[in-house]
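Q: I am new to this structure, and I would like to learn how to read its features one at a time. Could we look at it together?

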Amino acid sequence: QSKMECNAISFNAVMSACEKAGKWQKALELFGLMVQSKVQSDSITVNAAISACEKGGEWEKALQLFSLTVQGAVQSNTITVNAVISACHRGGEWEKALELFSTMHAKNMQFDTITYCAAMSACKEGNKWEKALQMFDTMAQIKLEYNTVAFSAAVSACETGSKWEKALHFLGEMERSRAESNTITLNAAISACGRG
């Protein structure tokens, strides 16, 4: 028993290191080897594998791995959902990303700032700027802290919706909250003003 736990811990550590180093194919190979060796996976294993899929644009594989959590084979958590939403978004599957967000929201999954930022980015890809702004407002209602990514997503939504006054409002809020502005945010605000 102790040896199996050590193996799972070792696999998890190496998979996480591979994923962080951008070696997503190697992380997925290790996951396959782990399954083949009948080493019990856990949420850390699945999270590392899904994050590797995200980095490699393998959204379909990410959804397959996520199905393990839906089937109850492994416990999912916020990190799992964040990685799958991001994998779908980065793979151009914004509809699947938003569908997963809605499904997990209906199941009362605890979301964090990263979850909302990933979903708002997916909204932008799908031209769902109003939904992105609703998500931004929801973050305040549930007392999640805004970060640079959240403000950037909101300002980008304003750009898409030609809501220049709101874009400038968010820039002011961003400065007051001490979130760091970036070129993307500023360009989106300028573009929103140009459209308004």
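The dialogue below goes from the overall fold to helix contacts and then to side-chain pairs.

A: Before starting, note that this is a predicted model, in which local features need pLDDT of at least 70 and side-chain atom pairs count only at pLDDT 80 or more, while totals for chains, interfaces and linings use all residues. Residues are numbered from 1 along each chain as its sequence is written, and side-chain values use heavy atoms, with hydrogens and water left out.

Q: How many helices and strands does the protein chain have?
A: Helices (H or I, at least four residues) and strands (E, at least two) are DSSP runs, numbered from the N terminus. Here the protein chain has 11 helices and zero strands, and its C-alpha trace spans about 60 × 35 × 30 Å along the principal axes.

Q: At roughly what angle do the axes of helix α5 and helix α6 cross?
A: Axes are lines fitted to C-alpha atoms, for helices over the stretch in contact, and angles run from 0 to 180 degrees between N-to-C directions. Angles under 35 degrees count as roughly parallel, over 145 as roughly antiparallel, 65 to 115 as roughly perpendicular and the rest as oblique. The axes of α5 (residues 78-90) and α6 (residues 94-106) come within 7 Å and cross at roughly 155°, and the two helices are therefore roughly antiparallel to each other.

Q: Is the crossing of α5 and α6 left-handed or right-handed?
A: A crossing is left-handed if the near helix is turned anticlockwise from the far one by less than a right angle, and right-handed if clockwise. The crossing of α5 and α6 is left-handed.

Q: Which residues in α5 meet residues in α6?
A: Contact means heavy atoms within 4.5 Å. On the α5 side these are Val 81, Val 84, Ile 85, Cys 88 and His 89, and they meet Trp 94, Lys 96, Ala 97, Leu 100, Phe 101 and Met 104 in α6. For classes, Ala, Val, Leu, Ile, Met, Phe, Trp, Tyr, Cys and Pro count as nonpolar, Asp, Glu, Lys and Arg as charged, and the others, Gly among them, as polar. This contact of α5 with α6 has nine nonpolar, one polar and one charged residues.

Q: How do α9 and α10 cross?
A: The axes of α9 (residues 148-160) and α10 (residues 164-176) come within 8 Å, crossing at roughly 165°, and this pair is therefore roughly antiparallel. Their crossing is left-handed. Residues of α9 including Phe 151 and Val 155 meet residues of α10, among them Phe 170 and Met 174.

Q: Which residues do ring pairs link into a cluster?
A: Rings of Phe, Tyr and Trp (its six-membered ring) pair if their centres lie within 6.5 Å. The structure holds seven aromatic pairs, and ring pairs link Phe 136, Tyr 146, Phe 151 and Phe 170 into a cluster.

Q: How many salt bridges does the count come to?
A: A salt bridge is a side-chain nitrogen of Lys or Arg within 4 Å of a carboxyl oxygen of Asp or Glu. The count comes to four salt bridges, and one of them joins Lys 55 and Glu 19 at 2.7 Å, N to O. This pair links distant parts of the chain, with Lys 55 in helix α3 (residues 43-56) and Glu 19 in helix α1 (residues 2-20), 36 residues apart.

Conventions
Phe/Tyr/Trp six-rings, centres within 6.5 Å; stacked < 30°, edge-to-face > 60°.
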